Every structure is written in C-alpha cells, then in structure tokens.
Amino acid sequence: MAYDNENVFAKILRGELPCHKEYENDTALAFYDLHPKAKIHILVIPKGPYEDFYTFHAQASSLEIEGFYQAVLHVLGTVKSSGYKLVTRSGIDGGQEVPHFHLHVLGGQKLD
Ligand code: AMP
C-alpha cells in the first residue's frame with residue numbers, strides 16, 4: 001500500500017490544516033483529536049510518511065523512532081498519575097480511518 005500524501009495528518013504536517021498542538025520535536029507531533037473519545041484524547045504521529053505501526057517500526061530510522069517515543073512519553077507525563085489507554089489501528093480490519101501511523105493516548109477518566 002503506497003502512502004497517501006493527501007491524508008488529513010499529512011496535511012496537518014504540511015501546515016495545510018490546523019491542529020491543536022500539545023508537543024512537537026524534530027520527528028514527531030502530538031495534537032488533540034478533533035472528536036475526542038475521552039476527557040484527554042491526544043494523537044501522536046511521526047513526521048515521516050508511514051501508514052501504520054508496522055511500517056513505521058520496519059522502515060523508520062532509529063532517530064525517528066526515538067523522537068516518536070520521546071513525544072509519547074511527554075504526552076503520557078500529563079496522564080500517567082491516573083492511568084491511560086494507548087490504541088493504534090491498521091487497515092480495514094483494524095478500523096483505521098487516517099492512513100498515517102498514529103497512537104491514540106486516552107485518559108483523564110475511567111476508560112472501558
Ligand atoms: P483512526 O480511526 O485510528 O484512524 O483515528 C483517526 C482519528 O483522527 C479519529 O479519532 C479522528 O477523530 C481524528 N481526526 C480526524 N481528523 C482530524 C483532525 N483534522 N484533527 C485532529 N484529529 C482528527
């Protein structure tokens with residue numbers, strides 16, 4: 001599956017669409033989900049063109065992977081005291097809507 005440069009998160013990364021930014025470093029961006037499923041719902045994405053968890057971890061450089069997890073740890077710092085849930089989807093069966101790898105960080109309330 002080729003990476004779709006016109007997906008919503010690619011547009012956010014190019015500055016063509018706005019986002020409510022929580023954190024950014026050289027290789028990753030964290031921003032609030034437009035339709036939050038919990039009191040805190042933040043998405044963490046790599047800046048590189050990777051469709052899903054597998055592609056990112058199979059193809060990204062160690063610097064990109066380090067930067068991504070640095071962003072995840074930063075975001076978890078805001079919710080870790082009361083707990084959190086991490087979710088990532090891939091493809092049709094996984095119910096992925098946006099074909100750019102993203103990790104949902106959910107917290108701020110009791111989660112199912
Ligand atoms: P997934 O179903 O795992 O692909 O999740 C995609 C997520 O992206 C959903 O939770 C959407 O609410 C969220 N989303 C879609 N467009 C935007 C946007 N422009 N800004 C922030 N979040 C978005």
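Student: What is the volume of the largest pocket?

Tutor: In this predicted model, the largest pocket has a volume of about 640 Å³.

Student: How many residues line the largest pocket, and which lie nearest its centre?

Tutor: The lining has 29 residues, and those nearest the centre are Asp 33, Leu 34, His 35, Lys 37 and Leu 43.

Student: How do the residues of that lining divide into nonpolar, polar and charged?

Tutor: There are 14 nonpolar residues, eight polar and seven charged.

Student: Which element gives the most to the lining?

Tutor: That is α1, with three residues. At least two residues each come from α1 (8-13), β2, β3, β4 (84-87) and β5 (103-107).

Student: Turning to Asp 33, where is its place?

Tutor: Asp 33 sits in the loop that runs between β2 (28-32) and β3 (40-46).

Student: Is Asp 33 buried or exposed?

Tutor: Asp 33 has a relative accessible area of 14%, and the cut-off for buried is under 20%, so Asp 33 counts as buried.

Student: What does the side chain of Asp 33 reach?

Tutor: The side chain of Asp 33 reaches the backbone nitrogen of His 35, at 2.8 Å.

Student: Which residues is Asp 33 in contact with, leaving aside neighbours within four places in sequence?

Tutor: Asp 33 is in contact with His 41, Ile 42, Leu 43 and His 104.

Student: And how far apart are Asp 33 and Val 105?

Tutor: From C-alpha to C-alpha, Asp 33 and Val 105 are 9.5 Å apart in space, while 72 residues apart in sequence.

How values were computed
Residues numbered from 1 in each chain as written. Predicted model: local features only at pLDDT ≥ 70, side-chain atom pairs only at ≥ 80, totals over all residues. Heavy atoms only, no water. Helix = DSSP H or I, 4+ residues; strand = E, 2+ residues; numbered from the N terminus. Buried < 20%, exposed > 50% of the residue type's maximum accessible area, 1.4 Å probe, protein only. Contact = heavy atoms within 4.5 Å. Polar contact = N/O pair within 3.5 Å; in protein donor to acceptor, adjacent residues only side chain to side chain. 1 Å grid on protein atoms, 1.4 Å probe; cavity = no way out; pocket = protein on both sides within 12 Å on 5 of 7 lines; lining within 4 Å. Points joined across faces, edges and corners; volume = space filled by probe spheres on them. Nonpolar A, V, L, I, M, F, W, Y, C, P; charged D, E, K, R; others polar.
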